[in-house]
Amino acid sequence: MTQDRARFDRFLPLKPFVLDVLLELADGKKHGWALIRDLQQRDGGDRILPTNFYRTLRALRDDGLIEEAKGDANEDGAERRQYFSLSTLGAKVARAEVKRLEALVVDPRARKLLKAR
Amino acid sequence: MNTSRSLYRLLLRLCPADLRSQYGDEMEMLFLQSLSGARGPGKARVWTRAVSDVVRHGIGARRDSWRKFRKTSAYVEYRTGGWWMDTLRYDLRHAIRAMGRQPVTSLIVVLTLALAIGANTAVFSAVHSVLIRPLPYPEPASLVMLWEKREAEGVMKNSVSPADYLDWARTATSFTGMAAMTEVTADLTGEGDPEKVSVAGVSAPYFEVFGTRPLHGRTFEPGDYTIGNRGVILGHAFWRQRFGGDPGVVNRSVMLNGGPIKVVGVLPANAAFPNTDAQLFVPLVIQANPDPPSRTSHQFSVYARLKPDVTLAQARAEMDRIGKDLEAQYPQLSRGHGAHVTSLPEEITGPVERTLVVLMAAVAFILLIACINVTNLLLAKAAGRRREMAVRAAIGAARARLMRQLLVECAVMALAGGVAGLMLAVWSVRVLAAQLPAVARPDQAVIFSLPVLAFTLVACLITCLLAGALPAWHLVREDAAEPLKEGGRSPVSLKRTLRFGLIVVEVALTSMLLVGAGLTLRSFQAVLAQPAGIETNNRLTFRVSLPGARYRDGAAAARFFNDLESRLRAEPMIQSAGGTMLPPLTGFDGRRGVVIENREVGPDDGPTRAHPRVITSNYLQAIGSRVREGRGFNPADTETSPTVAIVNETMAARYWPGVSPIGKRVRFTDQEIWREVVGVIGDVKHWGLDEPVNPELYVPATQFPVWALTWVLFTNGDPLTLVPIAQRHLREIDANLPLFQVRTMEEVAAQSVERRRWMMTLLAVFAVLALVMAAAGIYGVMAHLVSMRTPEIGVRLALGARPASVMRQILGEGAMQAGIGLVIGLGGSLALMRGMRTILFGIEPTDPITLASVGVSLMIVALLAVAIPAVRAMRVDPIAALRQ
């Protein structure tokens, strides 16, 4: 367990954008195009930069946080789309990050800050 | 929209290839989507964001890949260079094996490249020696030459008179030193055989100006510059040859012109001086000879070194001022005379600079032509290697690796060609060097100097890239699976237009080279067609010079020459014999002021001057010159008879326009004696066939004392058989006099055009080389084409096409390529050859005869090269072709 923890601890903290991507994939596998659409809907704007996005995907894949997956059987075969899904490691990392953020929020000082506002 | 798409795609090149190939399309779609959603300035914002995104994250992604790579074990090998060297060694081994598999092709490629690279190396070694490498003196840029100038007459570079030199050296402040040099020949007697040696008389700071230090002994000191106390300095080669390199020769005496003279020093091997090949150096003592120093006898070359803070322009300004002062001081003798300063490096390199540039361009063309041929050859061979490449690509070789392997193969051949080329250059550099200035002459050692070796290496690499890149790219670019397919015989691996384009370029380059060579050839013919004013056949020339120590007065010298002439004329083998101060076609001499009796000199007239020509009574017959009017000299013209002169046609026309000069009187400005003109002779070219003729005043040797004459003997047979006869007579009169500069008149004439002949020969060799390569190139492409089209031709023949029409088609295609290339080449020549104008003679760079003959001959060669494959196409057996 500790060894496992060390394995994903090195990814933390995640960049917000990376966490966004992992959370989107937590719903199930998606191809790049759908990911972008959903991400943009979440944030309400077209701030997704194509190169940044695919660079991030590539890095996540290379790090083993996400995996390439096969498309649905009923999809049009001509559309050669690359699907992605969250890997076990990716899920653990995302969970750890969320926990970390949660711990931050419950921190007394953080609460004080919230109250002050 | 399409432009945006292309631009964005271009931008995406910043990303690593794997990212681009996997997600490039989606990235592009995303971008286009946001672009289509934007209007007006919004579009600009989208673009700005896209650029910053791709630049930042594209490069970031490359960094990601790099970081990942660094964690692998391959990185360790990479960092130590092991990976690169291992595969390079493999590529090299493979390349050598590949060469061995196709020995004929490889040999042709290596030989072609050896010729081209060798020619380039040899010419570059000359360019490097003459134009790039500094002269072998400390700070050569501050060395200058000084000349007398007469701007009104268009003469900027006249030799300098002793008096002018002394005045300049005394008053000028721009120079650390100014030295005069004049070259004479002298008899060396004493130990060993008597020998004629060339001696440079040099004034005080000569060796200091050039920064030359002696190898043994010393250079001259002020005490050496007095008559009777002179020492001599030996040139290195002469010291080795005559004294066996014995350092003990210093302080010994040698006999020069019959008098003892002490050796004070020996020069080092690398000492060389402009405008002289002197073997000995003696102090030039001016004050006493003649007394006072002459202002009209121009005989000195003057060299000086600028002070460190003085520019050439400042030195010119000062010398102009000094010239004006002298003009005011000596209005009679120096009217219109000034002083001109030129840079010595330019003086030395100037005359050959244009020639070398032309030669360099010619060999660069050759290299290009060779590259094209090799490209074509490799393209043809590439067809046979498609399978090999496909297999290697299929089992995982990256394109870059395959490409590198092919380029390494080409580089190995280029380097082999380069090494062979170096050998060729070593062998040929001597030929090339013959006509270059001695001070900067390239030798075999230059070939192995760093800049020349670097040049050769760069030439090899450029060759490798030029000749190898196209075929390699062509092979690698192909879809890996294609040649592996069943019956993969589709031979259309070569774009025909590409190879046709190469041939067109090759023909164009060749035609330009041919035009250059043709123009020099026609110039050379034009020069040879110039009348020299003399006959050259069956004539022997040699020079006899009398030592002033034993022949003190002119009368003694005149008696000697008279005696010699009458003895030679009495010889039955000799038809006529005569002597002259300056033989035709040999060089340069100064003019002297003359006074024409009763001639009104207008304010616009330049000074009245003529070249003095001192000849013996029989000389004009001996050279076959024609007397146009009046008479030649004869033995009755003696020192006591009335003084007479003969003028050339140019002088007659210039100073007695419209009237006969016979009976008119003329004198040299610095002499009191009037001479009556008794004859007019045809112009004789004294400076060279391509040089104009100036007024010349001939006077008999009996009436104008001289101590050295060049003799011309005319015989019926082989002129060289006269040498022992002449030697015998000379010995009978004076046993201590050698005969020197023994040459036939034909040799003299040939030497006068030597540089032009040299240039013409080199360009002709290059042009022939180019022509052969072009013919081989055309033949290769057409033969390959025919062999690839054999099935098609077979079908056509089987369907009833006539063999003649098949042949006509092939011929037509070849003629088309050659024709297009020719038109481009001749057009290019019109533009390029203007640069050759200064080295042409008698013809224009656009000479239609040259252009036409180049066109015709190149076309004939091209058609001959095409004819063989065309005939082969005609003879294709339809049955065999279809079965193939």
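1. Let's start with A:L39. In this predicted model, A:L39 counts as partly exposed because 18 other C-beta atoms lie within 10 Å, while a buried residue would need 20 or more. You'll find A:L39 in helix α3 of chain A, which covers residues 32–43.

2. Who does A:L39 meet along the fold? Leaving out residues up to four places away in sequence, A:L39 touches A:D20, A:E24 and A:I48. Have a look at A:V21 too: A:V21 and A:L39 are 18 residues apart along the chain, and 7.5 Å separates their C-alpha atoms.

3. Next, a helix pair in chain A. Helix α2 (residues 16–26) packs with helix α5 (residues 88–106) at an angle of about 120 degrees, and the two axes are 10 Å apart. That makes α2(A) and α5(A) oblique to each other, and their crossing is left-handed.

4. Which residues make that contact? From α2(A) come A:L19, A:L22, A:L23 and A:A26, and from α5(A) come A:G90, A:A94 and A:E97.

5. Now for the place where the chains meet. Chain B puts 18 residues into the contact and chain A puts in 14 residues. On the chain B side, the elements giving two or more residues are α2 (17–36) and α3 (41–70) of chain B. Of these, α3(B) gives the most, with nine residues. The chain B side that touches chain A splits into eight nonpolar, five polar and five charged residues.

Terms used:
Residues are numbered from 1 along each chain as its sequence is written. Chains are lettered from A and ligands numbered from 1 in the order in which they are written. This is a predicted model: local features need pLDDT of at least 70, side-chain atom pairs count only at pLDDT 80 or more; totals for chains, interfaces and linings use all residues. Two residues are in contact if their C-beta atoms, placed from the backbone, lie within 7 Å. Helices (H or I, at least four residues) and strands (E, at least two) are DSSP runs, numbered from the N terminus. Ala, Val, Leu, Ile, Met, Phe, Trp, Tyr, Cys and Pro count as nonpolar, Asp, Glu, Lys and Arg as charged, and the others, Gly among them, as polar. Axes are lines fitted to C-alpha atoms, for helices over the stretch in contact, and angles run from 0 to 180 degrees between N-to-C directions. Angles under 35 degrees count as roughly parallel, over 145 as roughly antiparallel, 65 to 115 as roughly perpendicular and the rest as oblique. A crossing is left-handed if the near helix is turned anticlockwise from the far one by less than a right angle, and right-handed if clockwise. A residue is buried if 20 or more other C-beta atoms lie within 10 Å of its own, exposed if 12 or fewer, and partly exposed in between; C-beta atoms are placed from the backbone.
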